[in-house]
Structures are given as C-alpha cells and as structure tokens.
Amino acid sequence: MATEVGRSAAPPGIPLDRFPAAPTGPSVEQIEGPYYIGGEGDRLTRSDVREGKDGVPLDLGVRVVSGADGRPVPDVAVDLWHCDALGVYSGYDNDPDELLPNGARQDPRTDDRFLRGTQLTDADGVVRFRSIFPGWYSPRTPHLHLRLRAGDRPVHTTQLYFPERVIAWVATQEPYRQRADRRAATNDDDFVIGVAGGPSDAWARTERVRDGLVATATLAVDVTTDAVEFALDDPPPEVVGPPPGFGVRHGFAHPADRA
Ligand SMILES: [Fe+2]
C-alpha cells in the first residue's frame, strides 16, 4: 500500500542560503534505533510535530541532494522522529528493561505520536519541520532521527547532532533544566557518533533565533539504492568522535553563547 505523504501547510521559513553546502561524497548512514514507527498512513504527514510539547523551539530544515551530482532530489519522503525534553519517545515509555538488548526496532506500546512527522522534499530537495529541541536519554547524546524513503522503500537512515554549547544552553531552559539526571553521553563519547565517522553532514548547522533554534543539514543520498540495514550484533565501529566545535573539549563560538 502506498504511503500518503504530502507537504503540509505553513512549514517554517528557512531560506536556502541557511543550509550547509552539498557534501562532496555520499552521506554516512547510521543505525535506526528502537523507536521508529512506520505504517501510519497520512497521520504523520505534517511539518509541525510538536503537539503542544514544551521545549526550546527548533525549526529544522533538511536538504536532500544526489550523492552523484549534488543536485536537489525532490519527492523524497523524510521521516523525522525524536524524544521530548524529558527523553521520552512517543509510543514508548523508554523503559530499558522492555527493549531488546540489541537495539532493534520495537513495536509501539501506546498511540501517542508527538515529535514524529513526515514531509516530501520540494523542488529544492528541502523539507522543513517545526519541533522542539530533543532532550537526552541514556545512553545517548541529544539527536534527531531521519529516515528517507522513495515511496515506501527506505533509501537512507541517519541521525543529526548539535554542538555541545547549544546543548548546554538548552539544558538551562525549561523544561530541560528541571531534569535531575545528568546526560549519560556527550558528543565526545556517544557510541553512535562513531558510526557517523568524524567530519560529516550528520552535524546540524545550528543558529539561535528569537526564542529558539534553527538547524539545517544537507544530505547526499543515492535514492536508487536501499538504506543500509545495520547488523546489530556486528562489532562496534571505530569511534572517531565529532569534528571540532561539536564536542565538550573544543571551543565553539555559537550565537547561543553570546546571548
Ligand atoms: Fe534516539
């Protein structure tokens, strides 16, 4: 059954010159994780995924270009999902004891679907979402999940990350600041970032605007090949770590720090 996907009205305005330049090679894929929910039909076709969730406003733009020639790729379905400010994914209670030890996809246990949405890339290869900045949960650093599809066929699975200074600022805002638990991982020691492999387009360009943040990423994808299916019991990849500016050990002059 074909999935109904569209471009819902009034996505956040993020001009094209805000996006990072097209990568010089194909973007690196990353594991899907346990919390993807597919098969929702048109229910998740929306640019505003907040459903009233509290958090620092985050407008996200993702641009999809061809890994072969850098041209924008229209009509790619982009699924976004991430946790709320308290580290909870809709559809799950994040109880680690109920998850499979290998991190494989889990069936949802509730009907809530906040902070999940799907949009189709436009003629510029762009989708835009309005959300909140993700919180953290053990054992991960804050991140967004993306799955790109050509129709129902997954063609690319990845995650996006934010500079540590941005995460530190967000942690001082409501409701993140109410959390008693410390982050279990930073960008410097997150185990999935090792898969992203150092300098890559997995690092969202993030800017402070008004009361929130705008993040953009440009992904180079071959939509004629299927997404990588990670073998979850493979040995862990070599951990490379984030590029300068994204880890706690690096200085980063982010606009959020000057505010
Ligand atoms: Fe996650």
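**The big picture**

Keep in mind that this is a predicted model. The protein has 259 residues, and 42% of them count as buried. Its secondary structure comes to three helices and eight strands. Reading from the N terminus, the elements go β-β-β-β-β-β-α-α-β-β-α.

Let's start with the open sheet whose four strands come in the order β4-β1-β8-β7, with mixed pairing. β4 and β7 (205-209) sit at the edges with a single partner strand each, so one side of each has no neighbour in the sheet. From one strand to the next, the twist averages 20 degrees.

Now for the strand pairs. β1 and β4 run antiparallel and are joined by seven bridges. In that part of the sheet, arginine 63 stands opposite valine 126 in β4. β4 is an edge strand, yet it is mostly covered, with six of its seven residues buried. Over at β7 and β8, which also run antiparallel, five bridges do the joining. There, arginine 208 faces leucine 213 in β8.

Another open sheet has four strands in the order β3-β2-β5-β6, and here the pairing is antiparallel. Its edges are β3 and β6, each with a single partner strand, so one side of each is left without a neighbour in the sheet. Ignoring direction, neighbouring strands in this sheet are turned by 20 degrees against each other on average. Inside it, β2 and β5 pair over five bridges in the antiparallel sense. Tryptophan 81 has histidine 145 in β5 as its bridge partner.

Here are the strand pairs side by side:

| Strand pair | Bridges | Direction |
|---|---|---|
| β1 and β4 | seven bridges | antiparallel |
| β7 and β8 | five bridges | antiparallel |
| β2 and β5 | five bridges | antiparallel |

**The nonpolar core**

Which residues touch the most other members of the largest nonpolar core? They are Val62, Val64, Val78 and Leu80, out of the 52 residues in that core. The elements giving two or more residues to it are β1 (57-66), β2 (77-81), β4 (126-132), β5 (143-150), β6 (153-161), α1 (164-170) and β8 (212-221). β8 gives the most, with seven residues.

Leaving out residues up to four places away in sequence, valine 64 touches Pro72, Val73, Val76, Thr121, Gly125, Leu148, Leu219 and Val221.

**A stop in the loop**

Finally, take a look at leucine 86, which is found in the loop between β2 and β3 (116-120). Why does leucine 86 count as partly exposed? Because leucine 86 has 17 other C-beta atoms within 10 Å, and partly exposed covers the range between the cut-off for exposed, 12 or fewer, and the one for buried, 20 or more.

Leucine 86 touches Gly135 and Arg179, again not counting residues up to four places away in sequence. The C-alpha atoms of leucine 86 and tyrosine 176 are separated by 6.7 Å, although these residues are 90 residues apart along the chain.

Key: Residues numbered from 1 in each chain as written. Predicted model: local features only at pLDDT ≥ 70, side-chain atom pairs only at ≥ 80, totals over all residues. Core = buried A, V, L, I, M, F, W, Y, C linked by C-beta atoms within 7 Å. Contact = placed C-beta atoms within 7 Å. Pairing = 2+ DSSP bridges. Axes fitted to C-alpha atoms, helices over the stretch in contact; angles between N-to-C directions.
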